[in-house]
Amino acid sequence: MKLSPVVKNNNWLYFTVLLVCFAISVGMRGQQFEKWKETPSNFFVQDRPIMTTLDAPYWLRWAREYNEGVLWQKNHLREYPQATKTYLDMSVPAKFKDHPAASSVSPESSFSSSETLATKYSDVPLLSFMIAILAPYFNYNYYLTGTLLVPILASLFILPLGVYFFRVGVPLPGLLGGLVGTFSGGYYMRSSIGRIDTDMLNLFFPVLAALLILLVSQAKTERSALLYSIATGFSLYLFQWWYSKAGFAFAYFAILVFMLFIQKFRLRIILLCSFLFVLCVNPVHFKEGTKSIKKFLSIYFVIEEYNPRILTNDVTTPATFPDTFTTISEVDSLKTDKFIETL
């Protein structure tokens with residue numbers, strides 16, 4: 001069916017405005033970096049910008065070690081000082097220790113065998129792999145490379161979100177949803193300059209998978225349904241590589257199968273779409289996802305005493321290590337008396 005010139009023009013206008021929304025999101029985050037450059041003594045150490053999240057050095061270390069070919073050799077440092085032999089000797093009573101022959105290998109030396117292992121791209125997280133690939137273009141300045149990725153990746157979810165609402169016939173909410181979402185308080189804070197973390201694409205992949213499932217349900221031919229099922233599975237494979245939360249794959253799989261039944265596809269096509277989806281996700285990840293969902297749901301069937309994690313921000317000791325949990329607002333709690341005072 002041919003589209004009228006008016007419809008074609010409206011389509012071009014919509015996608016042009018959608019790209020403008022994307023550009024606004026990128027530009028606002030890029031402006032943060034430009035502001036940093038006005039006072040480099042506050043935001044730079046030589047040519048490296050500062051990080052505003054404790055997780056950033058972790059992703060950057062993976063990228064650097066991947067390029068240098070020394071993957072895994074320093075991974076034990078992430079558990080410092082708990083993983084050191086000195087700490088273990090002090091904290092574990094002698095009567096509970098293993099036989100000396102069994103514990104003669106220190107945590108540090110246990111990683112020396114990794115030198116013989118071949119390094120593959122899938123050995124590092126997707127975020128670190130992207131930084132490693134792009135770092136040579138920025139003189140191997142990993143901090144700068146990761147920082148410049150933030151505006152683009154954090155804004156990318158606007159595109160599939162806009163296309164999704166366009167496909168369901170309500171284009172305006174797609175544009176407004178993208179702008180409201182990208183500048184919402186929580187997301188804007190966790191995807192601003194200096195926040196090199198997985199938050200950057202944690203909206204993009206779920207929205208992209210939802211769009212692809214919508215395209216499966218709207219497919220006019222069985223071949224198109226198969227192709228979109230493959231694309232959905234592959235997008236969730238990338239999401240697993242990015243975020244390592246296998247439960248998403250199983251959840252989207254259930255929605256995909258349900259949509260295929262609703263649209264009355266032949267049973268053979270439903271089974272084939274399901275098989276291709278699982279194959280592209282990676283059967284191992286899919287199996288892990290079923291276990292993850294089961295474990296998550298089991299929490300709601302257990303009644304026990306609640307024991308919240310206590311965050312201590314006022315500890316004064318000679319050697320206090322940063323606590324990542326203090327930067328995650330979701331794990332913090334507000335006491336009842338404090339809550340009443342705010343009312």
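The model discussed here is predicted.

Q: Why is Tyr164 called partly exposed?
A: Its relative accessibility is 27%.

Q: Is Phe165 buried, exposed or partly exposed, and what makes it so?
A: Phe165 has 24% relative accessibility. Buried would need a value under 20%. Phe165 therefore counts as partly exposed.

Q: Why does Arg190 count as buried?
A: Arg190 comes out at 19% relative accessibility. The cut-off for buried is under 20%. So Arg190 counts as buried. This residue is found in helix H9, residues 185–190.

Q: What makes the link between the side chains of Arg190 and Asp199 a polar contact?
A: The distance is 3.4 Å. The limit is within 3.5 Å. The two side chains make a polar contact.

Q: How many aromatic pairs are there by the ring-pair rule?
A: The count comes to 22.

Q: Why is the pair of Tyr164 and Phe165 called edge-to-face?
A: Take the centres, then the planes. The centres lie 5.9 Å apart, and pairing needs them within 6.5 Å. The angle between the planes is 70 degrees. Edge-to-face means over 60. The Tyr164 and Phe165 pair is edge-to-face.

Q: What makes the pair of Phe205 and Trp242 tilted?
A: The planes of Phe205 and Trp242 are 50 degrees apart, with 6.4 Å centre to centre. Stacked is under 30 degrees and edge-to-face is over 60; the rest are tilted. This pair is tilted.

Q: How do you know that the pair of Phe205 and Trp242 links distant parts of the chain?
A: The two residues are 37 residues apart. Phe205 is in helix H10 (residues 204–217), and Trp242 is in helix H11 (residues 222–243). Both are buried. Ring pairs also link them into a cluster with Phe204, Phe239, Tyr243 and Phe248.

Q: How do you know that Lys245 lies over the face of Tyr243?
A: Lys245 is at 5.7 Å from the ring centre. The distance cut-off is within 6 Å, and an angle test applies too. Lys245 lies over the face of Tyr243. Arg61 lies over the face of Trp62, at 5.8 Å from the ring centre.

Q: Which residues have the most contacts inside the largest nonpolar core?
A: They are Ile131, Ile196, Trp242 and Phe277, in a core of 63 residues. H10 gives the largest share, 10 residues.

Definitions and conventions:
Residues are numbered from 1 along each chain as its sequence is written. This is a predicted model: local features need pLDDT of at least 70, side-chain atom pairs count only at pLDDT 80 or more; totals for chains, interfaces and linings use all residues. Side-chain values use heavy atoms; hydrogens and water are left out. Helices (H or I, at least four residues) and strands (E, at least two) are DSSP runs, numbered from the N terminus. Buried means under 20% relative accessible area, exposed over 50%, partly exposed in between (1.4 Å probe, protein chains only). A polar contact is a pair of N or O atoms within 3.5 Å; within protein, one must be able to donate a hydrogen and the other to accept it, and residues adjacent in sequence count only if both atoms are side-chain atoms. Rings of Phe, Tyr and Trp (its six-membered ring) pair if their centres lie within 6.5 Å; planes under 30 degrees apart count as stacked, over 60 as edge-to-face and the rest as tilted. A charge sits over a ring if NZ of Lys or CZ of Arg is within 6 Å of the ring centre and within 35 degrees of the ring normal. A nonpolar core is a set of buried Ala, Val, Leu, Ile, Met, Phe, Trp, Tyr and Cys residues joined through side-chain atoms within 4.5 Å.
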